[in-house]
Amino acid sequence: MATELTLGIIKPDGVQKVLIGEIVSRIQKAGLRVIGLRLTHLSQQEAEAFYAVHKARPFYGDLVSFMIRGPVAVLAIEGENAIARWRELMGATDPAKAAPGTIRKDFASNIEENTVHGSDSPATAAVEVPFFFRTTELHRQG
Ligand code: CMP
């Protein structure tokens, strides 16, 4: 298994519900490392660009509006098999279908306000991490 780097976002609903500490704690307790972390409030242009892959989907406009509603926390997460493991911690996109104990099952309201985002593949992570972090903003200890 390889060491991977992936992007996490704690979406506006998660920040509003004061879940940053809880979610970072779950990531670290799972043995993954947070090597980049920042609060930001996305502009419409940034949200549209980040979710450009979903442009043709009916939920695109609502998704962009939701993502700019308030600040988000962006995280660069590193570790063995980090992409799949972060997605396991998040749970299914639709919280109604998410497994017990996952972040979305525990905290998300619905398929749109689903609290967290994670890159879905190495190719996506390779685009999404640099979208938010310069190499100099990633810090590995030891
Ligand atoms: P995320 O993992 O950030 O990737 C795309 C986002 O679009 C997804 O989480 C949801 O927030 C949203 N999304 C995906 N599918 C739907 C859907 N069917 N209806 C509304 N929003 C969706």
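Student: Which residues line the second largest pocket?

Tutor: Rolling a probe the size of a water molecule over the atoms shows where empty space is left. Here a pocket is an open set of points, on a 1 Å grid over the protein atoms alone, where a 1.4 Å probe fits and protein lies on both sides within 12 Å along at least five of seven lines, and lining residues have an atom within 4 Å of a point. In this predicted model, where local features need pLDDT of at least 70 and side-chain atom pairs count only at pLDDT 80 or more, totals for chains, interfaces and linings use all residues. Residues are numbered from 1 along each chain as its sequence is written, and side-chain values use heavy atoms, with hydrogens and water left out. The second largest pocket is lined by Gln-28, Leu-32, Arg-33, Val-34, Ile-35, Glu-78, His-139, Arg-140 and Gln-141. Strand β2 (residues 33-40) provides the largest share of that lining, 3 residues, where strands are DSSP runs (E, at least two residues) and helices are runs of H or I of at least four, numbered from the N terminus.

Student: How much space lies in the second largest pocket, and how much in the largest pocket?

Tutor: A volume is the space filled by probe spheres set on the grid points, which are joined across faces, edges and corners. That gives about 160 Å³ for the second largest pocket and about 610 Å³ for the largest pocket.

Student: What lines the largest pocket, and which residues lie nearest its centre?

Tutor: Its lining has 23 residues, with Tyr-51, Val-53, His-54, Leu-63 and His-117 nearest the centre. Helix α7 gives the most, with 4 residues, while α3 (44-50), α5 (82-90), β4 (116-118) and α7 (122-132) each supply at least two.

Student: Which space does the ligand take?

Tutor: A molecule sits in a pocket if more than half of its atoms lie within 2 Å of the pocket's grid points, and the space taken by the ligand is the largest pocket.

Student: Which polar side chains lie at the ligand's oxygen atoms?

Tutor: A polar contact is a pair of N or O atoms within 3.5 Å; within protein, one must be able to donate a hydrogen and the other to accept it, and residues adjacent in sequence count only if both atoms are side-chain atoms. Polar side-chain atoms lie at 2.5 Å from a ligand oxygen for Tyr-51, at 2.7 Å for Lys-11 and at 2.8 Å for His-117. Taken alone the ligand exposes 460 Å² (Shrake-Rupley method, 1.4 Å probe), and the protein buries 80% of that.
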